[in-house]
Structure formats: C-alpha cells, structure tokens
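The following exercises concern a single protein model. Please work through each task with the sequence and the coordinates at hand before reading its solution.

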Amino acid sequence: MEEATNTSELPDIFVPPPAVVTTPCDPWPRPYYLEDDLRKVHPYHYTYNTYCKERWRGRELLDIFATEFRDRPAEYYKDAIECGRVVINGQAVPSIHSIVKNGDVISHTLHRHEPPVTAQPIGIVHEDNDMIVINKPAGVPVHPAGRYNYNSIVEIMRAERGYQWNPLPCNRLDRLTSGVMFIGKHAKAAEKLSVQIQERNVKKEYIARVIGEFPEEDIVCDQPIMQISPKLGLNRARASGKDARTLFKRLAYYPPRRRRAEDAPPPDDTRTEKEKLRDSHRPWKAKSGYSIVRCLPLTGRTHQLRVHLQYLGHPIANDPIYCNQRVFGPSLAAGDASSSADEEIISRLSKMGKSEVAEAMAYHDEMMEEYNKKKAEKMTGELCEICQTPLYSDPGVHELGIYLHAKRYACADGKWAYETGLPAWALPPEGAEGQLEVEEKEDLVSLATRVEKLGIGEGGEIGGKNGTPAGGIEDGQKGTSKVLWVMPG
C-alpha cells in the first residue's frame, strides 16, 4: 500500500516570469542626422518595459498612464491600451480599467519621436584606462529618460565608440546643465569614483549667470529644500525640507549695455502704456544687468543651486522654471519659503504647454526676448503620418540649456582636479572688460571646507535659513543673516 502524500510538504509550483515584449528594432548605427546645428533622430518604433511600481499596485492601467506620464495626453493612452500597444505580461488587456498587480510587466510600443539636442560634440577633458572626463553639452540628458533615448550622453558615446561599449556615468548633471562629468570605462572604476562623490570627498564648483547685481561679499545660503511635485520635478525652499547649503561668490557683474553717464539726462521712455503696465508687474525688471557667480554646493540636493539662487532673489537668468513669472508670480519667489502657494504653482507649471512660449522668463535683452519667442519649440499643428503624434518645431538655442555649468571637480585631499574653461555665456560681453577665467580655485575649496565645519546657528547666524554674508569665514567667525532681496509687499 502506497503511503499517502503529504501535500503540505510539496514545493510551490514554479511560476515563470512574465513574458516581456521585445522592442521591434534596435537600429545600428543609430538613426542620427545633423541639421541646423542640432543632432536629430529619425522616428523609430520602440517598446518600453517596466515592472509594476509599488505605488501602482491595485490601480487601473489607464489611471497609471494618465497620471504618471506627461509625454502624451490621456486620450492617446486610452487608444493605445484598446489597440494593444500597451499590454501586461505580453498580453492585451480586456479593459482600460484592468488592475495592475505586483510583479506585472507593463509594455508600451510606440512610434518614438525624440526632441533634437545640440550638435555640439561631447568634449574630452581627460581620458585614461579607467575613466573619461567629459565636458557635457547643455540640453543633453545623461541617461535615456522621458522623450530622450538615443539623444542622451550614454547613447551618443556608445554610438561613437561601439555597440558593445558600456559607458558608466559616475555623477549626475541635469539635462539643462553643462560641464564636467565622469564616465567610468569599467564597473570597478565607476564604483570607486561614485563612492567618493557620494561621501562628499569631492568638491564641486559651478558657474551661473543670474539676473541683477549679485552682492560682492561671499554668501552662504542654507535654506532646506523640498520636492513639492515628483511628477513635475519641482523643488522649493522649505524649512521642513532636506538640509542644503551653498556658498556663492561673485565673479563679475555686467550692467546693461547702454548705461547712461551719471550726468546725462535720463533717456525718453518710449514704452507704450501696455508695455508700462506689463513691466509694472515685473519687479525683477528693475534688476538691471546680470552677474556671473561661482557656486560651491556643500550638499547635493536636486536643483539645489537653482532653488537657492531663486530664494536669494537672483535666479539663473534663463531658467525656464525658477525664473518664470508665469509659474512663480511677479516676485519670482524671492525670499519665499512658505507653502501657501504650492498648489497654485504646481497647477500653473503643469498647464504650461508647448502651444505658446511663456513671456515670463527674465530676459534682459528685449530684442533677444522677441527673437526667442519666435524660435521656441512649440506645436506646429501637424501630425505624424504613422502614429498621429503632434509634431513640434525645432527648439531655439535658448531652450537647449540654462546658464549653469559644472566647471570644476576636485578631490578633497588634492590628488586630482579636472576643470573646463568658462562657457561662452560667462565671458565678458563685446566691448566690456571682465573675468576671462576663474582665479583662486584653491582658496574657494578651502573656504568651502571651513564653511562645512561651522556649526548651525540660530536666529540668523551662518547655518540660519537665509543668505548669509561669509565675510567672517576666513577667520572662522560666524556672520549675520541677510536676505538679498525682499519679496515686494
């Protein structure tokens, strides 16, 4: 007589992983072409595959696409699900209301249109057997993400060096930012440098061009930063945010190009009544000229320099978010660390489409402002013949990046340092005298080290929540808190 089988001791039935849809093509060489100083990519079919994220569990499929992805309208995703271009575990779903579960693989096949990026080549600052130090062009993302795939640093370098070559970025720069980046040639080298950067054993110096006349004294801003919209990537100064600290040092100030002599009569105001009314709601217009500022972040929060400069009342002059009156209102959020307007700011930013160009960016050259409005990327009204995707015009030069450049990375113990020259937008304008290069690099690193060692003070001392003059730092003294520009009203 056979013994009864104890079913409780039987192993669980192995469930194979879900089938993953493979992309219809992986073109090689990459479908690049150069036109009008832009690197463009011919449209191609591509399949995204992603595992269900924790926050997606138990949610309807269409709801996930409509709320998590901004590339297409909800109507597109509804049609893609119903037509089988969006599937779960390789199988079409019966309804747009299908529930996504833990372990599911969601696949989305689409005719992909990538935005153009600058045709400026990736500069090589240094190369050895372990790594490449590059000068990243502004406007090119590091990794494939969102609308960008082949037009990314990783894929452009792969296209230049061979299909099997695998570049390993060691530090991160925002898409709009240019400057020094480290690319590991193998995993061991990439991990070693990445650990150094994460442990803050690497000092970084950025260059920014900001509106108005930045103070001559060194400034420390340690306003905490909080991400208030993960979907939009929007960050704000907030007392309840993560600790953040930046040292700022003015390199140069350039007044308006047609500044009158002190004894000359004021020029005639030729503005129309409409233009006067417009400018009365733009207090940042009173900030004449622009400054070139050295920025040394002592922490590494997302958008830290952009947020701190905005808080100090001197945002980066062509920042499409943090120097945008349509998003932040007439004050551009100078000195504002409150949360009262967060929902309104998020709403305004989310509604900004490509059908028109925001008038609020603080351009100080009126002729260039008008030119930029005409050249900006926006919907053309035409549709792709294959996928009916709305087509965009080419971006203007001003949209390919912002005036923020990672100029120098240096090991804290002095073993190595890599840097680039000043970007073109940081050089003196034609006919003006100014700094052609940054001096006293070692002093700035030493100054940053001293700032890091200072304790956090209360009631406005260094370590307070405002911009702080750093004049006493050289002697190890604490300074007095100072807001650089008070929000009107």
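**Exercise 1. Determine the strand order of the open sheet that contains S1, and its pairing.**

Solution. The open sheet consists of three strands in the order S1-S2-S6, with antiparallel pairing. Strands are DSSP runs of E with at least two residues, helices are runs of H or I with at least four residues, and both are numbered from the N terminus; two strands pair if DSSP finds at least two bridges between them. Next, strand S1 (32-35) and strand S6 (117-118) are the edge strands, each pairing on one side only. S1 is joined to strand S2 (residues 38-41) by four bridges. Within this pairing, Tyr 32 stands opposite Val 41.

The model is predicted: local features require pLDDT of at least 70 and side-chain atom pairs pLDDT 80 or more, whereas totals for chains, interfaces and linings use all residues. Residues are numbered from 1 along each chain as its sequence is written, and side-chain values use heavy atoms, with hydrogens and water left out.

**Exercise 2. Locate Tyr 150 and state which residues it contacts beyond its neighbours within four places in sequence.**

Solution. Tyr 150 belongs to the loop between strand S8 (131-136) and helix H3 (153-161). Its relative accessibility is 2%, so Tyr 150 counts as buried (under 20% relative accessible area; exposed is over 50%, partly exposed in between; 1.4 Å probe, protein chains only). Contact means heavy atoms within 4.5 Å; among the residues that Tyr 150 contacts are Asp 26, Arg 30, Tyr 32, Val 41, Glu 114 and Ile 156. Finally, the C-alpha atoms of Tyr 150 and Tyr 32 are separated by 8.3 Å, although the two residues are 118 apart along the chain.

**Exercise 3. Explain why the pair of Phe 182 and Trp 416 is classed as it is.**

Solution. Rings of Phe, Tyr and Trp (its six-membered ring) pair if their centres lie within 6.5 Å; planes under 30 degrees apart are stacked, over 60 edge-to-face and the rest tilted. The structure holds 16 aromatic pairs. For Phe 182 and Trp 416, the ring centres are 5.5 Å apart and the planes stand at 65°, so this pair is edge-to-face. Phe 182 lies in strand S10 (residues 178-184) and Trp 416 in the loop between strand S19 (404-411) and strand S20 (417-419), so the pair ties together parts 234 residues apart in sequence. Both Phe 182 and Trp 416 are buried. The rings of Phe 182 and Tyr 418 have centres 5.9 Å apart and planes at 70°, so that pair is edge-to-face.
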